[in-house]
Amino acid sequence: MALRIALLSQSTMLATLWLTGLSFPSLWAQPLISCPYKNLCQQSLLSGNDIVLKCDLPRALWYFSSILGEDLFLINSMHNIKNLPGGSLQLTNPQPSQSGLYRCQDNHNILIVEYEIDFQDVTTLHITHKALDQQPLQNETLRLGGEVLIFTQWEPWQVCNRCGVPGERKRLGYCYIEEPQEKPMSCGLYLREENLPHTRLRPEMQVETCLVPCDPAKEVDQSYFIFDIYQLGTLTNNIWLNCPLASIYRPVSWEANNTPLTWQNELSGKNLHSTLDIPSGGRQLQIFQPAIYRCFVEQEVVAQFNPLGALKPKEPQTRENKTQEPVSKTLSIPLWLKLLPFVGTVLVLGLLLLKTLSPLSGKSRNRTLLVK
């Protein structure tokens with residue numbers, strides 16, 4: 001039985017929930033980056049996507065130094081970084097400027113673990129689909145004192161995002177630089193403070209179609225979130241749905257009225273009534289048409305969105321038109337709210353008029369009695 005989360009009908013509460021993306025923060029959605037005890041591990045990641053750096057020490061002290069070579073300082077006031085009770089460090093929506101060294105130690109300055117992270121700019125992500133004959137970025141050579149090679153270091157393919165039906169799988173690739181006879185290094189950690197404007201210095205995401213059978217041993221009667229969105233008033237047409245527990249680092253897929261919303265259709269302009277968000281790897285979906293939307297994470301349905309009465313039908317959008325529209329998550333003022341001042345004025349005037357006429361009516365009745 002599905003876990004139904006009933007959203008309150010009050011417009012203020014609904015607006016707040018909608019504008020926050022209807023998200024339920026959970027560590028399930030965030031990849032856990034780990035490193036052996038007392039080691040330094042280098043890691044390439046994507047900006048804008050939450051992660052957790054593991055440190056098995058309750059009340060651990062975390063220090064940070066940016067790739068610009070600044071001195072280490074204690075992390076205690078950065079708005080998007082949180083120390084978790086077990087000692088790990090949670091980074092929400094990390095930015096490229098937060099690339100650098102993260103050091104976990106105890107209160108006696110003893111090192112537990114260190115991470116050197118390169119948050120590559122997800123807004124420059126190059127996405128391709130094999131079925132559309134789109135090609136990944138090619139290797140390039142660059143002169144930086146000597147000749148170096150710029151290439152993409154690919155992660156393994158993620159599992160197919162659906163089973164039993166046609167699906168898709170993706171893999172992420174990070175920008176790396178290699179000097180002759182030297183070990184490759186991620187572009188951000190190699191260049192450090194050197195700001196080099198070059199179109200090849202960016203991460204990638206590649207997608208391909210897949211079809212895998214479902215594993216009966218792994219099938220479970222899993223409960224999921226159902227969002228019933230009622231009477232939000234007149235909304236803008238830039239509404240975003242946020243799939244709980246999803247991440248660019250995990251397989252995720254969407255469907256509208258049981259029709260898959262695929263990356264192949266998205267990149268070829270055939271998802272006319274919705275837009276898969278590239279920087280989040282499909283975790284977010286922009287919708288332009290009322291429908292029953294469901295999202296899947298690792299082949300399991302995790303949420304269903306029923307925007308009943310919350311969205312006016314709109315003409316089909318081309319991908320070009322959708323990308324030109326400004327992204328807006330604000331709600332327009334409902335008509336009844338706009339009319340409140342007018343209605344209030346009419347009521348006040350009506351009460352004053354009634355109060356004025358009441359004494360006149362009494363005097364008229366008195367005169368009639370006297371005549372009789």
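A disulfide is a pair of cysteine sulfur atoms within 2.5 Å, and the structure shown above holds six of them. The model is predicted, so local features need pLDDT of at least 70 and side-chain atom pairs count only at pLDDT 80 or more, while totals for chains, interfaces and linings use all residues. Residues are numbered from 1 along each chain as its sequence is written, and side-chain values use heavy atoms, with hydrogens and water left out.

The chain as a whole comes first. There are five helices and 24 strands in the chain, where helices (H or I, at least four residues) and strands (E, at least two) are DSSP runs numbered from the N terminus. The chain has 372 residues, of which 44% count as buried; buried means under 20% relative accessible area, exposed means over 50%, and partly exposed lies in between, with a 1.4 Å probe and protein chains only. The accessible surface comes to about 20,700 Å², and 57% of that surface belongs to carbon and sulfur atoms; accessible areas come from the Shrake-Rupley method with a 1.4 Å probe, and for residues only the protein chains shown count as cover. A contact means heavy atoms within 4.5 Å, and among contacts between residues at least 6 apart in sequence, 70% join residues at least 24 apart.

The disulfides can now be followed along the chain. With bonded cysteines counted in order, they follow the pattern 1-2, 3-4, 5-9, 6-10, 7-8, 11-12. One of them joins Cys35 to Cys41, with an S to S distance of 1.9 Å, and both Cys35 and Cys41 are buried. The torsion about the S-S bond of Cys35 and Cys41 is about 80°, and therefore this disulfide is right-handed.

Another disulfide is formed by Cys55 and Cys104, whose sulfur atoms are 1.9 Å apart, and this link is left-handed, with -60° about the S-S bond. Because Cys55 lies in the loop between strand E4 (51-53) and strand E5 (61-66), whereas Cys104 lies in strand E9 (residues 100-105), the pair ties together parts that are 49 residues apart in sequence. Cys55 counts as buried at 1% relative accessibility, and Cys104 is buried as well, with a relative accessible area of 0%.

Cys163 and Cys214 are also joined by a disulfide, here with an S to S distance of 2.2 Å, and with 95° about the S-S bond their link is right-handed. This pair links distant parts of the chain, since Cys163 is in the loop between strand E13 (146-154) and E14 and Cys214 is in the loop between strand E16 (204-210) and strand E17 (225-228), 51 residues apart. Cys163 counts as buried at 17% relative accessibility, whereas Cys214 is partly exposed, with a relative accessible area of 28%.

A further cysteine, Cys243, is found in the loop between strand E18 (239-242) and E19, and at 2% relative accessibility Cys243 counts as buried. Leaving aside residues up to four places away in sequence, Cys243 touches Val252, Trp254, Arg283, Cys295, Val297 and Val302. The C-alpha atoms of Cys243 and Gly282 are separated by 8.6 Å, although these residues are 39 residues apart along the chain.

On a 1 Å grid over the protein atoms alone, a cavity is a set of points where a 1.4 Å probe fits but cannot get out, and its lining residues have an atom within 4 Å of a point. Grid points are joined across faces, edges and corners, and a volume is the space filled by probe spheres set on the points. The structure holds two cavities of 30 Å³ or more.

About 120 Å³ of space lies in the largest cavity, which is lined by 15 residues, and the closest to its centre are Asn161, Glu168, Ser253, Leu261 and Thr262. Strand E14 (167-178), strand E19 (252-256) and strand E20 (259-261) are the elements that give two or more residues to this lining, and E19 gives the most, with three residues.

The second largest cavity holds about 60 Å³ of space. Its lining consists of Gln158, Val159, Asn161, Glu168, Arg169, Lys170, Val207, Pro251, Val252, Trp263 and Gly281, and E14 gives the most to that lining, with three residues.

Methods: 1 Å grid on protein atoms, 1.4 Å probe; cavity = no way out; pocket = protein on both sides within 12 Å on 5 of 7 lines; lining within 4 Å.
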